[in-house]
Amino acid sequence: MIPRYSRPEMVAIWSPETKFRIWYEIEAHACDAMADLGVIPRENADAVWKAKDVEFDVARIDEIEAVTKHDVIAFLTHLAEHVGSDEARFVHQGMTSSDVLDTCFNVQLVRAADILIADVEGLLAALKRRALEHKDTLRVGRSHGIHAEPTTMGLTFARFYAEMDRNLTRLRTARDEISTGAISGAIGTFANVDPRVEAHVCEKLGLTPEPISTQVIPRDRHAAFFAALGVVASSIENIATEIRHMQRTEVLEGAEFFSMGQKGSSAMPHKKNPILTENLTGLARTIRMAVVPAMENVALWHERDISHSSVERMIGPDTTITLDFALSRLTGVIDKMLIFPDNMLDNMNKFPGLVMSQRVLLALTQAGVSREDAYAMVQRNALKVWEHRTDFKEELLADKNVVAALGADEIEEKFDMGYHTKHVDTIFKRVFG
């Protein structure tokens with residue numbers, strides 16, 4: 001991933017230096033287990049640990065791979081340069097390249113998941129704080145982009161909190177599912193490597209042995225992992241889209257923080273554009289690009305082919321790095337987001353009282369008017385408000401049929417905003433406990 005959308009901690013997980021370090025640990029721990037089982041001499045296993053503080057030379061490994069055309073063999077050759085050819089002769093005993101590659105990949109995905117989980121936890125804290133801050137801040141709810149009924153800004157934040165809390169569960173599940181390793185040999189039968197070697201390596205790396213592998217760890221695990229990341233990205237876009245709408249000039253109920261010296265447009269100095277949330281919308285699309293290829297990787301020929309390999313070399317780092325960046329950016333947006341309660345009330349009152357139409361409809365039906373007649377009575381008055389910007393309550397009070405059914409006092413009572421917020425505490429208790 002390009003540096004513009006990267007953060008150092010996540011990038012480090014996918015660096016060649018980190019990858020080769022994990023490969024080394026897999027091989028060294030495997031040698032330890034084999035020595036304990038009497039398969040290889042203890043002194044040879046101990047000799048491998050002479051390289052425990054070595055910084056493996058990426059350029060040298062690339063140089064060897066240019067000849068061998070095989071990355072694992074190139075690494076093992078370089079390792080022998082540090083350990084000694086004779087001492088290293090039992091390294092990789094009975095193993096296949098995928099034992100190293102797949103186990104390493106899952107270690108990297110687990111580490112990436114840990115960062116993403118922490119990212120979501122940080123976002124949840126920001127959403128909760130803003131939800132509590134604006135629990136009672138009235139704004140109009142919209143369906144189809146059209147004014148519907150009153151809600152609160154706090155409920156909007158709480159809704160996003162609940163969605164991201166579900167995503168936290170999804171990420172934890174994805175982390176658990178991807179936390180397996182395999183040291184099972186050429187086609188996964190353990191013919192040339194004892195299952196106890198796999199158990200030892202996995203324990204040292206914080207993984208669980210894959211119950212049954214072929215030459216690779218089953219890719220349905222990876223498909224589920226990247227699908228979970230895709231859902232998180234969609235939730236990011238969901239939040240970003242709401243903020244983008246709120247920042248429109250005609251709406252202006254909320255906005256991204258605009259820092260001192262920031263410029264909105266190269267041509268129009270007055271502009272304050274929602275660039276961060278627009279960026280998040282684009283990043284979400286990029287993250288979701290990984291989902292279909294990850295699912296297509298599930299179907300491999302027989303015990304293994306490498307059609308998945310090139311895909312994972314790209315989507316592993318790119319998707320986790322991008323999602324880490326996006327979650328961090330969204331947390332910053334939520335933390336600093338500007339809220340304009342007065343504009344929210346102004347918007348709700350652009351068509352005065354219209355958002356109370358359903359309450360009047362229900363009151364009429366409860367007063368004995370048929371639903372069809374009640375709907376027609378309310379709609380004819382509502383349309384006057386749409387067309388002439390009059391006051392809905394005043395129109396109802398001037399309608400002799402509505403007054404005859406409800407009376408003036410009951411019509412007045414139907415315009416109490418508290419009616420729509422009376423269960424906010426109940427919803428908050430459900431969301432936040």
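This is a predicted model: local features need pLDDT of at least 70, side-chain atom pairs count only at pLDDT 80 or more; totals for chains, interfaces and linings use all residues.
**Overall form**

The protein contains 20 helices and six strands. Its radius of gyration is 30 Å, whereas the globule rule gives 22 Å for 433 residues; the value for the protein is well over that figure, so the protein is more spread out than a compact globule. Along the principal axes, the C-alpha atoms fill a box of roughly 100 × 50 × 35 Å.

**The annotated C-terminal domain**

An unreviewed UniProt entry carries the annotation "domain: Adenylosuccinate lyase C-terminal" for residues 352–432.

**Helix pairs**

Two packed helices are described by the angle between their axes and the distance between the axes.

| Helix pair | Residues | Axis distance | Angle |
|---|---|---|---|
| Helix 2 and helix 8 | 16–36 and 195–205 | within 9 Å | roughly 135° |
| Helix 9 and helix 10 | 220–247 and 275–288 | 8 Å | about 160° |
| Helix 6 and helix 7 | 97–133 and 153–178 | within 9 Å | roughly 165° |

The axes of helix 2 and helix 8 cross at roughly 135°, which makes helix 2 oblique to helix 8. The crossing of these two helices is right-handed. On the side of helix 2, the contact is formed by Glu25, Ile26, His29, Ala30, Asp32, Ala33 and Met34. Helix 8 contributes Val197, His200, Val201, Lys204 and Leu205. Classified by residue type, the contact of helix 2 with helix 8 comprises seven nonpolar, two polar and three charged residues.

Helix 9 and helix 10 pack at an angle of about 160°, and helix 9 is therefore roughly antiparallel to helix 10. Helix 9 passes helix 10 in a left-handed crossing. The residues of helix 9 in this contact are Leu229, Gly230, Ala233, Ser234, Ile236, Glu237, Ala240, Thr241, Ile243 and Arg244. Those of helix 10 are Thr277, Glu278, Leu280, Thr281, Ala284, Arg285, Ile287 and Arg288. By class, the contact of helix 9 with helix 10 has eight nonpolar, five polar and five charged residues.

For helix 6 and helix 7, the axes cross at roughly 165°, so the two helices are roughly antiparallel to each other. Their crossing is left-handed. The contact of helix 6 with helix 7 consists of 18 nonpolar, two polar and seven charged residues.

Terms used
Residues are numbered from 1 along each chain as its sequence is written. Side-chain values use heavy atoms; hydrogens and water are left out. UniProt positions are given in the numbering used here, feature names are shortened, and annotations may be inferred rather than shown by experiment. Axes are lines fitted to C-alpha atoms, for helices over the stretch in contact, and angles run from 0 to 180 degrees between N-to-C directions. Helices (H or I, at least four residues) and strands (E, at least two) are DSSP runs, numbered from the N terminus. Angles under 35 degrees count as roughly parallel, over 145 as roughly antiparallel, 65 to 115 as roughly perpendicular and the rest as oblique. A crossing is left-handed if the near helix is turned anticlockwise from the far one by less than a right angle, and right-handed if clockwise. Contact means heavy atoms within 4.5 Å. Ala, Val, Leu, Ile, Met, Phe, Trp, Tyr, Cys and Pro count as nonpolar, Asp, Glu, Lys and Arg as charged, and the others, Gly among them, as polar. The radius of gyration is taken over C-alpha atoms; the globule rule is 2.2 Å times the number of residues to the power 0.38.
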